[in-house]
Amino acid sequence: MTPLTESDIQSRVARLSDLRAAIGTAIVGQHDVVEQLLTGLLAGGHCLLEGVPGLGKTLLVRTLGQALELQFRRVQFTPDLMPSDLLGTELLEEDHGTGHRHFRFQPGPVFTNLLLADELNRTPPKTQAALLEAMQEHTVSFAGVTHALPAPFFVLATQNPIEQAGTYPLPEAQLDRFLLHIALDYPGEEEERAIIAQTTSSHVAEVPRVMGGEDVLALQALVRQVHVGEDLLAWITRLVRATRPGGGAPQAVRDYVKWGAGPRAGQSLVLASKARAILHGRLAATREDVLALAAPVLRHRLLLSFAAEAEGKRPDEVIAALLRDVPPPGA
């Protein structure tokens, strides 16, 4: 990739506003969700979306793919889905002229730019692990041959929080592979009215194409160059370490957390904060970026204790208490 000039950087950052506007042609509201989704994309990480059915998760990902001119595929995860259904398989082919037979690898739906893994927790651990390995390595190995996935490669996995029958919850070690855990809530009354009106009319929103895959890769490279001050880096480190129960942990952590976040949480919080800074047209991360992303980065990395479950405590409540007990520098 050729080095970016200052004018290239300014033009690509400015087009992020066009990208938000393009998504807004089909998606009503959900501003925080869209921002977190774009943050994950620019940081080069994957996102886990959790929300009840009907909140537009599939439409959101498809709209993002259209606006970015990226290939989009959706896989509905079911209890009988096998790894080969996702990764691909080998087909035996015969040359009718010579009679020679050979195997040809047929890529599966994971070979795409944007993959919506719908209801990931409905498929058995074997298939979950196959997807998560592809997410981590960006490759698929089959019959001793390694096949590279397209770039950029971005996975959005969804979970339904209200139905647990017949599901296979992701282990904490696999949840840790997701950069962000994005929580979707019901829309406000005005937004819901707009959604109902828009989706029951004859009008079909046309999503403009504002970016290509090369622009996304360039912005991902730019995210790595965003400045993070030493004070901010030290605070992020203290925040992550404070999630681990121990003598010096905040009271909320000692009372309600069984296992805290590992070092990958700190890496994710730094990268996500850098990506959010780019989204806001800045080349330096600030404490506002960290405060906005602390919950999406940490909520799936905290294993709450039985006492927390008995009292109905949620990870976000523990994170809010943590942010009060470990204030940012200069607060």
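Analyst: **The second largest pocket**

The second largest pocket has 19 lining residues, with Ala43, Gly44, Gly45, Leu179 and Leu271 nearest its centre. Helix 2 (31-43), helix 5 (125-137) and helix 11 (263-279) are the elements that each give two or more residues to this lining. Helix 11 gives the most, with 4 residues. The volume of the second largest pocket is about 410 Å³. By class, its lining has 6 nonpolar, 8 polar and 5 charged residues.

The model is predicted: local features need pLDDT of at least 70, side-chain atom pairs count only at pLDDT 80 or more, and totals for chains, interfaces and linings use all residues. Numbering starts from 1 along each chain as its sequence is written, and side-chain values use heavy atoms, leaving out hydrogens and water.

Now the terms. A pocket is an open set of points on a 1 Å grid over the protein atoms alone, where a 1.4 Å probe fits and protein lies on both sides within 12 Å along at least five of seven lines; lining residues have an atom within 4 Å of a point. Volume is the space filled by probe spheres set on the points, which are joined across faces, edges and corners. Helices are DSSP runs of H or I with at least four residues, strands are E runs of at least two, and both are numbered from the N terminus. Nonpolar covers Ala, Val, Leu, Ile, Met, Phe, Trp, Tyr, Cys and Pro; charged covers Asp, Glu, Lys and Arg; the others, Gly among them, are polar.

Take helix 5. Its 13 residues should span 18 Å at 1.5 Å a residue, and its end C-alpha atoms are 18 Å apart, so the two agree. The expected span is 1.5 Å times one less than the number of residues. Its buried residues (under 20% relative accessible area, 1.4 Å probe, protein chains only) are Thr127, Gln128, Ala130, Leu131, Leu132, Ala134 and Met135. They pack (heavy atoms within 4.5 Å) against helix 4 (83-87), strand 5 (114-118), strand 6 (139-142), strand 8 (154-159) and helix 6.

His138 follows helix 5. This residue sits in the loop leading from helix 5 to strand 6. Its phi is positive, about 60 degrees, although His138 is not a glycine.

For comparison, consider the largest pocket. It holds about 900 Å³ of space. Of its 29 lining residues, Glu50, Gln159, His181, Arg314 and Pro315 lie nearest the centre. Strand 1 (47-50), helix 6 (172-175), strand 9 (180-183), strand 11 (303-304) and helix 14 (315-325) each give two or more residues to that lining. The lining divides into 14 nonpolar, 7 polar and 8 charged residues.

One more residue is worth a look. Leu298 lies in helix 12 (residues 287-298). At 2% relative accessibility, Leu298 counts as buried. Leaving aside residues up to four places away in sequence, Leu298 touches Thr243, Ala261, Ala265, Ile319 and Leu322. Leu269 is 29 residues from Leu298 in sequence, and their C-alpha atoms are 8.5 Å apart.

How values were computed
Buried means under 20% relative accessible area, exposed over 50%, partly exposed in between (1.4 Å probe, protein chains only).
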